[in-house]
Amino acid sequence: MKWEVVIGLEVHVQLSTVSKIFSGASTAFGAEPNTQTAVVDIALPGALPVMNKAAVDKAIRLGLALDAVINRKSIFARKNYFYPDLPKGYQISQFELPIVGMGELAIQVGEEEKRIRVTRAHLEEDAGKSLHEDFHGRTGIDLNRAGTPLLEIVSEPDMRSPEEAVAYARALHTLVTWLGICDGNMQEGSFRVDANVSVRPFGQAEFGTRREIKNLNSFRFLQQAIEAEIQWQIDTIEDGGRVQQATVLFDPDKGETRAMRSKEDAHDYRYFPDPDLLPLRVSEEQIERVRGEMPELPGQMKARFIAEFGLSAYDANLLTASRAIAAYFEAVARATGQGKLAANWVSGELAARLNRDGLDIAQSPISAERLAGLVARIADGTLSSKLAKQVFDALWDGELEADAVIERDGLKQVSDAGAIEKLVDEALAANPKAVEEFRAGKEKALNALAGQVMKASKGKANPAQVQEILRAKLA
């Protein structure tokens, strides 16, 4: 039997506000445990929550970016459950009326674009953190994170493969960091993903029973966890068993998911409106003010790059992975007038070198202006691609401009037809066997002859001219 996979994601985005959602306590990461709490966060009797306006603005910003419904009235509810690090015994969240309603997000999987529906995004407070490592049989509770503002973004079950789920999570990560509403630091828990996964026979309309994989904090683990869960569900059903709705955890060391508890439904949390918080009302003026502060969005910039610089959808997607990468590329492309060549170097050689050295593009030793100097010399024929890589290495390790490196190291490409013709004649005379093979129909022999010419020129001969002159001579 062939199986179809159905995936929906719930993403918890920690909003980059200075203070918590209902108190003035700091949200800064890394403080000593329990030093950043207010009476509201630790649920002292009589402490009343006060809404953080900056969190509301950031939620509106996301809603506008998703072309979503922004509810002018939304309501905070108490979501009742027990965790040791949940001081009040309930979480203040939104249920029936969230601030952001239905929207959508475009994702790119290879060369294919797909639109994923976003059901809702609602504001809520985070819980604290249970610490197990340093307490030898006991658990420590750190409430610094309690009350940190979250935006929970819930998708429709529109994804049909782990690759689509990862593409959606990456696109959402790009968007929230692009908008400046979240720092996106997955290691610090600023961006956490829960994956709802089910399988069903191809052609069946009804969804299968889903299991929710909790707290995935890397894109690699997200893909591995979904793949493991899919295989577990298929094996279970094909062995005659039944999938029970459950919350599961992913063990990356074993590469498997394991059940943590039976999955709760909404009624298990006994939601009811929080009596300490009035309904949240968003005015048209507030929405228009936030709209006026919005940057050009990734999708808009991607479309502009395709139209303006002639890029493929795939390249444009890579170059809009962050605002910093997009700005760097655009600076190189505009300085040189060479959009495709600039894209190849930014997403190719530069990206590979940054990845090798564990650097962000903001830390690149080569500025956009210096890379533009290199791209310009490739475009005007001064440098071959091989010589350009030598210049790139020198730029990475030093502070000279491309022209200065070319002059210092004598790397200017030879484009003088007479000089190249002389080298070609010498190569033909020295390699009669390759000449015969080419004339007998072996195209590869031409590459061997071109290699001899390039070797004789120490890599400086213009490769296109070498090929052209060789073909003319051999004809």
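A residue counts as buried when its relative accessible area is under 20%. By that criterion, buried residues make up 49% of the 475 residues in the protein chain. The structure is a predicted model. The chain contains 15 helices and 15 strands. Its radius of gyration is 29 Å, well over the 23 Å that the globule rule gives for 475 residues, so the chain is more spread out than a compact globule.

**Overall dimensions and domains**

- Taken along the principal axes, the C-alpha atoms of the protein chain fill a box of roughly 95 × 55 × 50 Å.
- The chain is divided into domain 1 (3-286), domain 2 (296-409) and domain 3 (417-474).
- A distance of 62 Å separates the C-alpha centres of domain 1 and domain 3.

**The second largest pocket**

- Two or more lining residues come from each of the strands β5 (103-109) and β6 (112-125), and from each of the helices α2 (162-178), α3 (219-238), α5 (298-309), α6 (313-319), α7 (323-336) and α8 (339-357).
- Helix α2 gives the largest share of this lining, with nine residues.
- Both domain 1 (3-286) and domain 2 (296-409) take part, each giving at least three residues to the lining of the second largest pocket.
- By residue class, the lining of the second largest pocket comprises 26 nonpolar, 13 polar and eight charged residues.

**The enclosed cavity**

- The structure has one cavity of 30 Å³ or more.
- The volume of the largest cavity is about 50 Å³.
- Its lining consists of Asp 41, Leu 86, Pro 87, Lys 88, Tyr 90, Glu 125, Asp 126, Ala 127, Ala 146 and Gly 147.
- Five of the residues that line the largest cavity are nonpolar, one is polar and four are charged.

**A three-stranded sheet**

- An open sheet of three strands runs in the order β4-β3-β14, with antiparallel pairing.
- Strands β4 (90-94) and β14 (272-273) are the edge strands, each of which pairs on one side only.
- Five bridges join strand β3 (residues 76-80) to β4 in the antiparallel sense.
- Within this pairing, Asn 80 stands opposite Tyr 90 in β4; Tyr 90 is also one of the residues that line the largest cavity.

- Strand β12 (residues 246-251) pairs with strand β13 (residues 256-262) in the antiparallel sense over six bridges.
- Phe 250 has Thr 257 in β13 as its bridge partner.
- Four residues lie between the strands of this hairpin, and Gly 255 there takes a positive phi near 65°.

- Most residues other than glycine have a negative phi.
- Asp 67, a residue other than glycine, has a positive phi near 50°.
- Asp 67 is located in the loop between α1 (53-65) and β2 (73-74).
- Is Asp 67 buried or exposed? Asp 67 counts as exposed because its relative accessibility is 68%, and the cut-off for that class is over 50%.
- Asn 215 likewise has a positive phi, near 55°.
- Asn 215 is found in a strand, β11 (residues 211-216).

**The loop between α2 and β10**

- Glu 188 is placed in the loop between α2 and β10 (191-201).
- With a relative accessible area of 28%, Glu 188 is partly exposed.
- Glu 188 and Phe 29 are 159 residues apart along the chain, yet their C-alpha atoms are separated by 7.8 Å.
- Asp 183 also has its place in the loop between α2 and β10.
- The relative accessible area of Asp 183 is 49%, so Asp 183 is partly exposed.
- From C-alpha to C-alpha, Asp 183 and Val 13 lie 9.1 Å apart in space, although they are 170 residues apart in sequence.

Terms used: Residues are numbered from 1 along each chain as its sequence is written. This is a predicted model: local features need pLDDT of at least 70, side-chain atom pairs count only at pLDDT 80 or more; totals for chains, interfaces and linings use all residues. Side-chain values use heavy atoms; hydrogens and water are left out. On a 1 Å grid over the protein atoms alone, a cavity is a set of points where a 1.4 Å probe fits but cannot get out, and a pocket is an open set with protein on both sides within 12 Å along at least five of seven lines; lining residues have an atom within 4 Å of a point. Grid points are joined across faces, edges and corners, and a volume is the space filled by probe spheres set on the points. Ala, Val, Leu, Ile, Met, Phe, Trp, Tyr, Cys and Pro count as nonpolar, Asp, Glu, Lys and Arg as charged, and the others, Gly among them, as polar. Domain bounds come from an automatic or database domain assignment. Buried means under 20% relative accessible area, exposed over 50%, partly exposed in between (1.4 Å probe, protein chains only). Two strands pair if DSSP finds at least two bridges between them. The radius of gyration is taken over C-alpha atoms; the globule rule is 2.2 Å times the number of residues to the power 0.38.
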